[in-house]
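Open the model in your viewer and keep the selection panel at hand. Each stop below tells you what to pick next and what is there.

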Amino acid sequence: LGKQYLHPKRKVLVWWTCSLNRPGLHTDEDYMIKELERGAVQILRDLLTTELVVLRKLKFPHNLVHTLLDIELFRNLFFVYMRNKVEKLTHGHYPAPSHIVNVVRKGYKFGIGDGLKAEAKAFGLVATSPESKSLLHLFTLSTECKKNPFAPAKKEPKSLAVIGAGLMGCGIAQVSIYNGFVTYLKDVDKGALLQGERSIAKHLDKRVKQRAITTLEKDNMMANLFLSVDYEAIKNADLVIEAVYEDVQLKQKVLREIAFDRTV
């Protein structure tokens, strides 16, 4: 309805006609309320003019399981089965599921009132049980572990030192050079260092045969591996990982040496 197509008098007529279909002088809230009322009235009219379908009565007042649970013999067998299943799943380590089965059974047998009393009593027993305290402690610890108490790293490490050329230390060194880190492998036993180097090279050769890496990539990785029997070679490493064998006194000695040498 562009201006160029309508006579001025017709423009007024079109505007007046369109105004009848919108809120006009009424507020949006009033218009919305009227529309809701109109819709509600229309729904009521549809309900009154529609023939109601009478649903036939169900043969059972409840579903089949509830009906069978009203039979004492079936109820006893059912709860014995559930108790055995719960014991099999929990191995007797968690008391709450067993209490749940007992509470439901009591509610079915004596009514909702006795069932609620049994539930309150069972809840008190479970909440104060050693298992509950242990689970709460475990939850608290797992939640704390998700938090990072340390500040963000000032810089991304590009080199690292691994103290200990045993199975764990060589594995860490292998993963490190595989991911492009300059890696210093330190051990007091030179034989262990050479054995670790051969083990890492053997693994990378296997990766070459599998065509996971090329020979050139393997050589570049091995070029990033440095062996050392003292701390002098690792003093410039961005990160130091202790991987000596499980001896508390040895670990403490190594950590003291690292701290003294690097003034950590």
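Select Leu193, Gly196, Ile200, Ala201 and Leu204: these are the buried residues of helix α9. Buried means under 20% relative accessible area, exposed means over 50%, and partly exposed is in between (1.4 Å probe, protein chains only). Now look down the axis of α9: the buried residues fall within an arc of 130 degrees, so they line one face of the helix. The arc is that of the directions from the helix axis to the C-beta atoms. An α-helix has 3.6 residues a turn, so residues three or four places apart point the same way.

A word on the model. It is predicted: local features need pLDDT of at least 70, side-chain atom pairs count only at pLDDT 80 or more, and totals for chains, interfaces and linings use all residues. Residues are numbered from 1 along each chain as its sequence is written, and side-chain values use heavy atoms, leaving out hydrogens and water.

Stay with α9. Turn to the face away from its buried side and pick the exposed residues Lys202 and Lys209. Then show α8, β2 (182-186), α10 and β3 (225-228), which the buried residues of α9 pack against. Helices (H or I, at least four residues) and strands (E, at least two) are DSSP runs, numbered from the N terminus. The 20 residues of α9 reach 29 Å from first C-alpha to last, close to the 28 Å expected at 1.5 Å a residue. That expected span is 1.5 Å times one less than the number of residues.

Check both ends of α9. Asp189 caps the N-terminal end, with a side-chain oxygen 3.0 Å from the backbone nitrogen of Gly191. Arg211 follows α9 and has a positive phi, near 60 degrees.

Next, the largest nonpolar core. Which of its 16 residues touch the most other members? Select Ile177, Leu185, Ile200, Leu204, Met222 and Leu225. A nonpolar core is a set of buried Ala, Val, Leu, Ile, Met, Phe, Trp, Tyr and Cys residues joined through side-chain atoms within 4.5 Å. Two or more residues come from each of β1 (159-163), α8 (167-178), α9 (190-209) and α10 (215-223). The largest share, 4 residues, is from α9.

Zoom in on Leu225. Leaving aside neighbours within four places in sequence, Leu225 is in contact (heavy atoms within 4.5 Å) with Ala173, Ile177, Thr183, Leu185, Glu197 and Ile200. Another core, of 9 residues, lies apart from the largest one; Tyr184, Ile234, Val244 and Ile258 are among its members.

Move to helix α6 (residues 112-127). Its 16 residues should span 22 Å at 1.5 Å a residue, and the end C-alpha atoms are 22 Å apart, which agrees. Select Gly115, Ala118, Ala122 and Val126, which are buried. Down the axis of α6 they fall within an arc of 70 degrees, so they line one face. The face turned away carries the exposed residues Lys117, Ala120, Lys121 and Phe123.

Now pick Val80, in helix α4 (residues 72-90). Val80 is partly exposed, at 38% relative accessibility. Its C-alpha is 10.0 Å from that of Arg105, 25 residues apart along the chain.

Terms used. A polar contact is a pair of N or O atoms within 3.5 Å; within protein, one must be able to donate a hydrogen and the other to accept it, and residues adjacent in sequence count only if both atoms are side-chain atoms.
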